Amino acid sequence: MPAPVSTAVRIDEQDIRRLPKAEVHVHLEGTFALAELLRLAKENGVRLPGPAATIFDVSTHDAFTMPEVTTGGTAHGVGNAGLSGFLRFLDWQCGLVRTAEQAARVAYSFAARQTASGIRYSDVIVNPTHWNAWQGREMALMEALAAGLDEAEQDGLCVTNIAYSLLRAQSAAEADDVVAALAGHRPSRVVALSIDGDEKASGRTGEKFRDAFRAAEAAGFHRTVHAGESSGPEGVWDALDLLHAERIDHGVRSIEDPALVQRLIDDAVPLGVCPRSNVTLGLYADWAAHPLPRLVEAGVRVTLNTDDPAPLATTLDADWAVAAAVYGYGHEELAGFAAESITASFANDDLKRDLLAELAAVTAGAVAAGVGVPDAGVAPAPVFEPDPERVP
Ligand code: ADE
Ligand code: ZN
């Protein structure tokens with residue numbers, strides 16, 4: 001993707017929503033709308049940890065105050081509790097989902113929320129350790145979520161597959177058991193093994209999870225790994241060398257190691273970058289300080305995602321609009337992000353091909369209409385053409 005051509009770019013969220021796109025780094029646990037949370041709490045007779053109006057302001061609730069070791073914790077709002085405090089909030093919230101109907105409902109709502117941002121396909125991360133009513137029944141949770149996603153697709157909402165996520169703090173034996181269960185049950189819509197959680201609190205865990213990820217690979221599951229957020233470049237090296245990650249969730253701290261940047265380029269490994277999440281959790285001071293544009297300019301495959309949009313009070317189209325405004329991206333660059341999101345996703349090849357073709361058609365129409373073209377004096381952005389090497 002070329003460097004931005006201008007900082008004066010006319011592009012708004014309406015135009016962004018029209019771009020067919022995928023989201024590849026979003027946690028189902030981070031997508032519960034406030035109304036859904038209140039409804040779940042009421043259905044289960046559970047008291048809120050604080051006023052409804054500030055429920056997502058995690059640091060204001062005593063239950064989620066900052067532990068001694070956590071990533072971030074220097075920003076305001078959600079971020080003040082640090083990543084570990086935030087993950088405990090997710091435990092509380094997902095603990096409200098107790099029946100198969102409730103699980104299907106949150107999955108369906110997720111697909112509706114994604115569709116509203118112009119997202120046509122999602123790889124959604126689900127970490128069952130947050131869903132405490134389902135401990136020991138994780139495969140049943142997967143089936144309940146799949147039922148909601150099936151209904152969503154039948155209703156014309158976006159297609160979603162699941163990346164089943166381990167938590168960093170789990171043991172090697174637990175991870176092995178998870179993979180054995182996935183390989184045995186083959187729950188519908190589960191296409192990948194993932195790992196998330198706070199690496200700063202857990203330490204280096206590549207070796208611990210090596211066997212589980214190798215077994216997942218042998219069983220035909222994709223692999224996506226959180227690294228280079230709560231860990232430095234060493235976490236990304238481990239994800240590549242030990243876990244055979246096909247995609248890195250975050251990965252932004254790779255910028256600190258030129259050899260690693262080169263490795264990502266050489267192996268064409270995409271990053272699932274989430275600038276708002278990183279800024280909110282205190283990794284970077286603001287969007288301007290975020291390494292996203294430097295990674296793009298270096299030639300790393302970058303996708304632009306939300307991570308946990310509900311508690312971060314955002315949507316994907318809103319965050320793409322911020323990226324356009326802060327980094328000077330025009331329609332060509334945003335179409336490039338849309339193409340990268342589709343090719344980097346774990347969607348099947350037919351869907352990828354269809355979405356890329358649709359994207360090319362939308363982009364050609366938008367350029368003809370002058371949408372998102374830099375201001376006078378700068379040449380119009382060329383039409384996005386799918387890269388033949390990446391089109392399945
Ligand atoms: N789970 C949900 N959001 C996460 C993040 N930003 N990092 C690690 N694990 C997560
Ligand atoms: Zn994440």
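Ala-22 lies opposite Tyr-121, a residue of β2. The strands β1 and β2 are paired in the parallel sense, with five bridges; two strands pair if DSSP finds at least two bridges between them. Helices and strands are DSSP runs numbered from the N terminus, a helix (H or I) having at least four residues and a strand (E) at least two. Because seven of the seven residues of β1 are buried, β1 is largely enclosed by the rest of the structure. Buried means that 20 or more other C-beta atoms lie within 10 Å of the residue's own; exposed means 12 or fewer, partly exposed is in between, and C-beta atoms are placed from the backbone.

This is a predicted model, in which local features need pLDDT of at least 70 and side-chain atom pairs count only at pLDDT 80 or more, while totals for chains, interfaces and linings use all residues. Residues are numbered from 1 along each chain as its sequence is written, and chains are lettered from A and ligands numbered from 1 in the order in which they are written.

The chain holds 15 helices and eight strands. Of its 392 residues, 55% are buried. Among contacts in the chain with a separation of 6 or more, 74% join residues 24 or more positions apart; two residues are in contact if their C-beta atoms, placed from the backbone, lie within 7 Å. The mean pLDDT of the chain (the predictor's confidence in each residue, from 0 to 100) is 90, and 89% of the residues reach 70 or more. Residues 1-8 have pLDDT below 50, and in the model this stretch makes 20 contacts beyond near neighbours in sequence. The pLDDT is also below 50 over residues 373-383, a stretch with 23 contacts beyond near neighbours in sequence.

What does β1 (21-27) meet besides β2? The buried residues of α13 pack against β1, and also against β2 (119-126), α1 (13-18), α11 (275-280), β8 (302-304) and α14 (331-344). These buried residues of α13 are Leu-316, Asp-317, Asp-319, Trp-320, Ala-321, Ala-323 and Ala-324. The helix α13 covers residues 316-327, twelve in number, and spans 16 Å from its first C-alpha to its last, close to the 16 Å expected at 1.5 Å a residue; the expected span is 1.5 Å times one less than the number of residues. After α13 comes Gly-328, with a positive phi near 75°.

Arg-186 has a positive phi of about 45° and sits in the loop between α6 (172-185) and β4 (190-196). Arg-186 counts as partly exposed because it has 13 C-beta neighbours inside 10 Å. His-250, in strand β6 (residues 247-250), has a positive phi of about 75°. With 26 C-beta neighbours inside 10 Å, His-250 counts as buried.
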